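Here is a short briefing on one protein chain. Look over the sequence and the model before reading on.

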Amino acid sequence: IVAVAEAAQKKAEEVKEVLAKTSEVLSAKQKEMGDNEAAWDAKREVSDMNHKVNTGKRAMDAVVSSASWAKDKAVRKAAALAKLQEQKAAFASHDSDADGKLSRAEVVAFAKAQFEFGLSGEVLDKIMKSLEPVNAEKFRSLFQKVAIAKSEARAREIRAEEEKRRKELEERKAAVQKIVQEASDFLSQAEGTCSKAEADARVLARGDHELSASELTSLAESVQKSIVQARAELEKAVAKTKEVDDACKGEADLEGIHKAQMPRLEQRAKRAEDRAEKVGLAAETAKDLAVKRAYAEVDKKRGEAVAAIRAKMTTDGKAAADFFKEAAGGASDLDKDKFLAMVGGLGESFKLEGDEGDKLFSQIAGAAGAISESCFLELVRMYYKCVKGTVISEDLPIKSKLVRKVEANEVLEMIDGPSKDEASGVERVKCKAANDDATGWVSIASNQGTPFLVSGGNLFSCVKDTVLTDGLSVQDSKTVRRVQTGEVFEVLEFAKKDMDLDLKRVRARAKSDGAMGWITMCGNQGTAYLEVC
């Protein structure tokens, strides 16, 4: 059919060429004819001929078209037959027993060979039920059904892989969320511990509380213990946030959790650390206060002991040195047992409770571990402050020889007395002036009751920040600590001069913490650092 169609097409094309030439000749002849009557007859004949030529052209076009269609149809049919033969050959290649149909085993083998796909029993049953017997005519359908089965199986695999990835991602997210929750839990514990510490710290911060030194220390240590616990919990929380960082690093799917959770955790951790720092400082301040309060408590007892000792000395009519020798039993110093025995015999006016005796002895004895005679004399030394101008006389009687005048605010150290001048009925004490060592008797008050002297002239207040040093010379000594305005000092040794800098200095003991050393009373330019209380 293809050959005939091609031959017809060729012949028709040849005829079309002849007709085209004929048409050209007729047109040329028609132009050569004139316009007379005879020419018009000839032109009509030529026109008829042209009409026939054109009819022939159309007929040849139809022949070419029909031949082309027949050729195409024949080609398609030939291709279909070839395909059919190909399918039959393919079918035959899989029909291993050549019985004209594919068995279940042959269908399985076909799927494996053609698609590299293993048919499941369920899918094989569906195919066989739909196509059995599977002959050559159904081979194309078999091909399609196996292809579809493979595609569906692959789709299921993809869905399974996606589901697996989804579950793995959910598990990773859950694991990260678990770490986040653990970090949050540790932060909550730290915040709770900080709240407890803050509640205790508020008690410490109140200036009007009546807590003893031991109570202050105990509460401050409790706060510090809470802060240590809070910081340990914070460390655990921070470690967990580091785990979150590591788990999310390079994981785009986990970035959402990281962005949503980490800033909040970090902010909470920072706030908790700031709270812990603030409360820790409050606890340190409270412990410092407790040390000072403990010293003040013992110092108060010290003052009571000194008053009781001086009263006992007056009652027994003994000087300080004699009183010490009797208490020491001939030894060069008082150990703790002898000291406690001495203060235990001071009568009902002075009593010790608990470990007050041990603390009192430790404060007085200091690093020496015993109380020497000089230490004892310094302990019981009594000072007076002049509150109204008076005079120093050589002897007990008021009318005895005048030594010099005493100005208001001068400090006097008592040497003996008080004793009464029988002539005037006035109580007088033998004193030594702190600023020039002038010695003599001074009236405590007039016979009208006007006071000249009041006790405590050795207490001075710092009026300008300065330093406490371990020696008289500022240049040659080391700083013990800084002294702040408002601190009170008990002067132990008066009016020594630092010759290098021309400074008036005293040896003193801080009433707040017992720190001892030398402190400048007045600078060489007239600046006052200490004033009598």
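Does Cys-522 count as buried, partly exposed or exposed? Its relative accessibility is 29%, so Cys-522 counts as partly exposed. The model is a predicted one.

**Overall shape**
- The chain has a radius of gyration of 62 Å. A compact globule of 533 residues would have one near 24 Å.
- Its C-alpha trace spans about 195 × 80 × 40 Å along the principal axes.

**Secondary structure and contacts**
- There are 11 helices and 16 strands in the chain.
- Take the contacts between residues at least 6 apart in sequence: 58% of them join residues at least 24 apart.

**Surface and burial**
- Of the 533 residues, 35% count as buried.
- The accessible surface of the chain comes to about 30900 Å². Carbon and sulfur atoms account for 52% of that surface.

**Charge**
- The chain carries 88 positive and 92 negative charges.

**Cysteines**
- The disulfide count is zero, with a cut-off of 2.5 Å between cysteine sulfur atoms.
- Cys-431 is in no disulfide. Its nearest cysteine sulfur belongs to Cys-386, 10 Å away.
- Cys-431 counts as buried, because its relative accessibility is 1%.
- For Cys-522, the closest cysteine sulfur is that of Cys-462. The two sulfurs are 13 Å apart, which means they are too far from each other for a bond.

Definitions and conventions. Residues numbered from 1 in each chain as written. Predicted model: local features only at pLDDT ≥ 70, side-chain atom pairs only at ≥ 80, totals over all residues. Heavy atoms only, no water. Helix = DSSP H or I, 4+ residues; strand = E, 2+ residues; numbered from the N terminus. Rg over C-alpha atoms; globule rule 2.2 N^0.38 Å. Buried < 20%, exposed > 50% of the residue type's maximum accessible area, 1.4 Å probe, protein only. Contact = heavy atoms within 4.5 Å. Areas by Shrake-Rupley, 256 points an atom, 1.4 Å probe, with all protein chains shown as cover. Lys, Arg positive; Asp, Glu negative; His and termini not counted. Charge placed at Lys NZ, Arg CZ, Asp CG, Glu CD.
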